[in-house]
Amino acid sequence: EQEQFLSYNGEVLIFQLSKTKHMEASADKTTNLHVRRMAFNRDTKLFVQKSSGVFNMRGSHLKIEIICCSCTTDSRTGIILPCILMKKKKRNNVVKYLLLLLHSSNQFEQSFHFELDYELEEDIRLFAGPSVLWRHANKLFYISSDTCTVLSAPVQLSSVVWTGEIADEGTIVLGIKAACLPESEDEDEFSTSDRAIWGSEFFGYAIETQKMLTVTCFMPHAYSRVVSSVYVCKNEMLKKQLHVSLVAVTHKNQLIWFQDGLPKGVCELPYEKPCSVKTAVTSSNDLLFIVSFASGNICAVQRGDSLQVASKWQKVKSVLVDDFIGSGSEQLLLLFKDDSDTDVLSTFKITDLGAVNYASGINYKHDVPATEGLQENGLLTIQALETRLQAGCTSVQELQHHLRLKKRVILESCRALIDLVEERTHILPTAEKEGLVSLWDDVENPPHSLSKETSLASKVPEHFIEKLWQRVVGDSLVVGVKLTESFHLSLSDVSLSLVMDQDFSLISPIIKCRNKIIKLNKAFSALAVSSCQIEPPPKKMKLDLHCSRVRLDGAKTVIAVTSLSPLLAFHRARCTVLLQAKKQKRRNDSLRENKKIAVLCGKILLSLEDISNGKYSVKMLRDNSYCTGSMEDILAVLAVSVRFSFQIVSSDCTLTPVNSWLLGEMECTPFKECHDNIFCHKAGNVYGTVFNWTLKSPFEGVLTLFCRNLTVLFQCLHSLSRVLPPSCDIKLLRSGSKDVLTEQLALALEKEMLTSRSSFFSKESKAENSLMWGSEPGKKISDAPVASLLEGEEGVQQFRKKLQDEREECVLSMNQTMNGALYQEMALKIAEAQLSSDVIVWRLS
């Protein structure tokens with residue numbers, strides 16, 4: 001016997017095939033299709049048969065099979081009815097298929113039949129009409145009760161993942177086919193790149209209109225290689241835009257939740273080879289995803305804050321979803337494999353992973369609590385837990401609202417910065433509109449203040465910018481801004497910002513930076529590099545794109561270095577270059593204020609085509625024993641390199657082998673622009689390394705290397721160690737020469753001491769803090785001869801009184817007060833002096 005199970009209006013329909021022999025001719029056989037309607041009895045907690053029916057088919061039972069069954073819509077009445085697809089083999093390899101409808105009277109109706117010269121085996125689906133769809137030889141075929149003719153879709157496909165109804169489109173087939181890239185550029189670039197990379201794509205085909213549909217609102221094409229089955233939970237058309245929510249199971253044993261074409265959650269499945277997924281809405285209004293596996297196992301995934309496996313079962317014959325107990329919500333009916341019992345519903349379980357939990361083989365009469373008090377206590381406990389759960393959900397919703405508000409504030413700040421770069425007036429939304437409390441002093445008109453600040457920031461002469469250039473060095477983008485001589489180098493905290501021009505709604509367009517400083521002297525004969533990170537690294541640093549700032553004091557060039565590959569992910573990236581600085585000036589002869597300025601330097605454009613053609617590549621060629629790299633090429637190489645300085649001391653012989661090693665084995669040539677710095681042309685990893693060799697004496701020198709990474713550094717040192725005598729001592733200098741740092745420390749400590757002394761003993765502090773105490777200020781005991789005071793009793797009392805007054809003056813002098821602004825300035829001066837000396841001590845350590 002062959003069995004199929006189907007749920008319909010809370011009942012379980014059991015379809016079975018059986019054979020009978022005809023009374024008159026024993027050779028003639030009849031195959032009967034039986035149906036039994038089973039309903040769950042809540043009193044006995046068992047399934048009982050309500051009614052039954054039979055459909056007779058002439059022919060051998062070995063040639064008749066049940067292919068599949070489902071509940072579909074009858075187009076004549078619009079009523080959903082059980083539908084069964086039967087197969088009957090005939091002679092000459094002809095296969096006949098029958099589609100039957102089951103009515104409420106248990107009468108079977110043959111909707112239509114069709115014949116094929118092959119058997120249906122792949123992606124067989126039943127849908128509204130009723131209609132049948134299948135895949136054969138990578139082609140899509142379907143037939144309906146309206147046409148009774150087999151039709152084919154004009155598409156080559158590898159699988160069908162879903163069939164169902166879509167708003168305003170009718171019946172849709174969602175499948176996977178080989179990628180077909182469009183010749184026009186009107187298609188979405190991200191979609192095109194996905195299809196080109198993976199070689200496959202999703203497609204949608206409308207059965208009624210016979211047209212192909214755009215499916216980017218379902219899933220990205222990158223998932224077409226792994227998705228095996230899909231279930232569309234919700235679809236609706238809003239403002240002529242289709243919005244879809246769906247879940248998909250993959251060959252990687254994952255369940256993924258998609259919302260409008262974007263993945264919103266993923267869950268690892270407990271078993272291998274998932275084959276289908278369906279949904280259930282439980283009594284607690286939770287949405288469960290029921291995943292079936294090829295091994296007969298089942299798992300239920302719950303969608304809360306994140307997707308997670310709620311329960312799993314093994315050796316399951318079939319799983320059905322319906323309202324079997326009549327509670328108004330759906331439950332899961334699990335039918336387990338049991339070879340010992342012939343009744344198909346003898347081993348089952350009904351559950352919604354909550355309050356509903358019925359299982360076969362349990363005596364429920366003994367499970368009832370002995371007293372009503374226990375039931376009442378249990379109910380109160382459940383209500384309390386539900387209240388706590390609702391309170392927790394409310395807290396989570398408030399936190400999510402706060403995070404959304406925070407994201408809107410950050411994006412509004414980004415828009416304000418972009419408007420500042422483009423020299424446009426930006427008007428902030430009111431605080432009340434965002435549900436915030438304004439921190440502006442002039443709450444009534446905050447946009448005026450912002451526009452005023454914007455205008456001040458943009459009032460910087462554009463002629464300060466002489467040249468804007470860019471270079472590509474490896475995986476780094478180098479952007480340089482050459483300033484004119486009229487640009488004041490006394491400006492502190494000069495930096496470049498790169499702001500992307502793309503219209504982003506979810507991510508910040510501002511590129512975050514990490515700073516580095518390279519100083520170049522005016523003669524351009526020697527390089528001294530110091531990291532802007534002149535203190536130990538901070539405990540935490542969050543960077544989207546690691547960008548470096550380079551300030552060249554002599555050449556008046558500001559350089560920014562950032563990672564190139566994240567920018568190329570946008571295919572064509574356009575960035576606005578903004579120069580920012582702070583200038584300190586005194587106010588009221590006591591406090592200092594920082595004036596922020598911003599200069600719009602221009603825009604840069606990056607594309608894969610330009611980079612592939614070498615448009616921005618660094619060109620370092622040999623010409624008559626010199627390196628012909630331009631100034632921009634030299635700065636770009638130095639900006640992306642890491643600097644290391646080594647002190648080399650030889651006690652037995654001179655250090656002439658170092659120069660021979662650089663010009664010979666390392667194949668270095670000096671720059672035409674600065675002869676002291678030489679460029680390595682040797683093939684391999686060391687190519688592009690810049691050296692600077694300075695001799696203090698024939699026996700002592702400092703070798704500075706600018707290399708891409710530590711691997712190149714170790715290779716250079718290994719090669720150098722082979723040419724130096726064994727008696728040489730090589731010492732790494734953390735930041736410059738030790739003698740120079742020692743001298744700088746002495747000067748810093750002297751400045752710190754002078755700052756402290758001048759702060760406490762300046763005329764200003766005396767004028768501000770002079771106190772008057774005592775009836776006769778300025779008069780001391782020493783004004784009168786001590787001996788004359790001690791001659792008599794009256795003189796002793798006078799001396800004692802003066803001594804007491806002077807003691808009180810000393811106590812009062814210890815409690816002097818100071819003006820707040822003066823104290824702020826004094827504390828800032830002392831802190832800056834101490835910071836300078838602490839930094840030099842750290843370099844020497």
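A residue is termed partly exposed when its relative accessible area lies between the buried range, under 20%, and the exposed range, over 50%. In the predicted model described here, C653 falls in this intermediate class, because its relative accessible area is 30%.

The chain comprises 845 residues, of which 40% are buried. Its secondary structure consists of 14 helices and 43 strands. Among contacts with a separation of 6 or more, 52% join residues 24 or more positions apart.

The largest nonpolar core contains 26 residues, and those with the most contacts inside it are L477, V481, L496, V577, L579 and C601. Two or more residues of this core come from each of the strands β29 (465–473), β30 (476–483), β31 (492–500), β35 (557–563), β36 (572–587) and β37 (591–607), and from the helix α5 (565–568). Another core lies apart from it and has 23 residues, including C668, V686, L703 and L713. In soluble globular proteins, nonpolar side chains tend to be buried together.

The surroundings of V481 were examined individually. When residues up to four places away in sequence are not counted, V481 touches I465, K467, L468 and W469, together with L496, K556, T557, V558, V577 and C601. Of these partners, L496, V577 and C601 are also listed with V481 among the residues with the most contacts inside the core.

Helix α7 spans residues 631–640 and is largely enclosed by the rest of the structure, because nine of its 10 residues are buried. The buried positions in α7 are E632, D633, I634, L635, A636, V637, L638, A639 and V640.

The largest pocket has a volume of about 1,900 Å³. Its lining is formed by 43 residues, and C69, S70, C71, Y231 and K278 lie nearest its centre. Strands that give two or more residues to this lining are β1 (2–8), β5 (64–73), β9 (122–127), β13 (159–166), β17 (227–238), β21 (274–281) and β25 (316–322). By class, the lining is made up of 23 nonpolar, 12 polar and eight charged residues.

S229 is located in strand β17 and counts as buried because its relative accessibility is 8%. With residues up to four places away in sequence not counted, S229 touches V161, V247, A248, V249, C275, S276 and V277. Under the same exclusion of residues up to four places away, T279 touches Y231, C233, L287, L288, F289, V321 and E330. Y231 is also one of the residues nearest the centre of the largest pocket.

A search of the whole structure finds zero disulfides. C299 is in no disulfide, and the nearest cysteine sulfur, that of C267, is 7.1 Å away. C299 is buried, with a relative accessible area of 0%. For C653, the closest cysteine sulfur belongs to C728 at 5.7 Å, which is too far for a bond, because a disulfide requires sulfur atoms within 2.5 Å.

The peptide bond from G129 to P130 is cis, with omega near 0 degrees. P130 is placed in the loop between β9 and β10 (131–136). Positive phi values in residues other than glycine include those of N9, at about 55 degrees, and D168, near 65 degrees. N9 is found in the loop between β1 and β2 (11–21), whereas D168 is found in the loop between β13 and β14 (170–178). N9 is exposed, with a relative accessible area of 64%, and D168 counts as exposed at 66% relative accessibility.

Conventions:
Residues are numbered from 1 along each chain as its sequence is written. This is a predicted model: local features need pLDDT of at least 70, side-chain atom pairs count only at pLDDT 80 or more; totals for chains, interfaces and linings use all residues. Side-chain values use heavy atoms; hydrogens and water are left out. A nonpolar core is a set of buried Ala, Val, Leu, Ile, Met, Phe, Trp, Tyr and Cys residues joined through side-chain atoms within 4.5 Å. Buried means under 20% relative accessible area, exposed over 50%, partly exposed in between (1.4 Å probe, protein chains only). Helices (H or I, at least four residues) and strands (E, at least two) are DSSP runs, numbered from the N terminus. Contact means heavy atoms within 4.5 Å. On a 1 Å grid over the protein atoms alone, a cavity is a set of points where a 1.4 Å probe fits but cannot get out, and a pocket is an open set with protein on both sides within 12 Å along at least five of seven lines; lining residues have an atom within 4 Å of a point. Grid points are joined across faces, edges and corners, and a volume is the space filled by probe spheres set on the points. Ala, Val, Leu, Ile, Met, Phe, Trp, Tyr, Cys and Pro count as nonpolar, Asp, Glu, Lys and Arg as charged, and the others, Gly among them, as polar.
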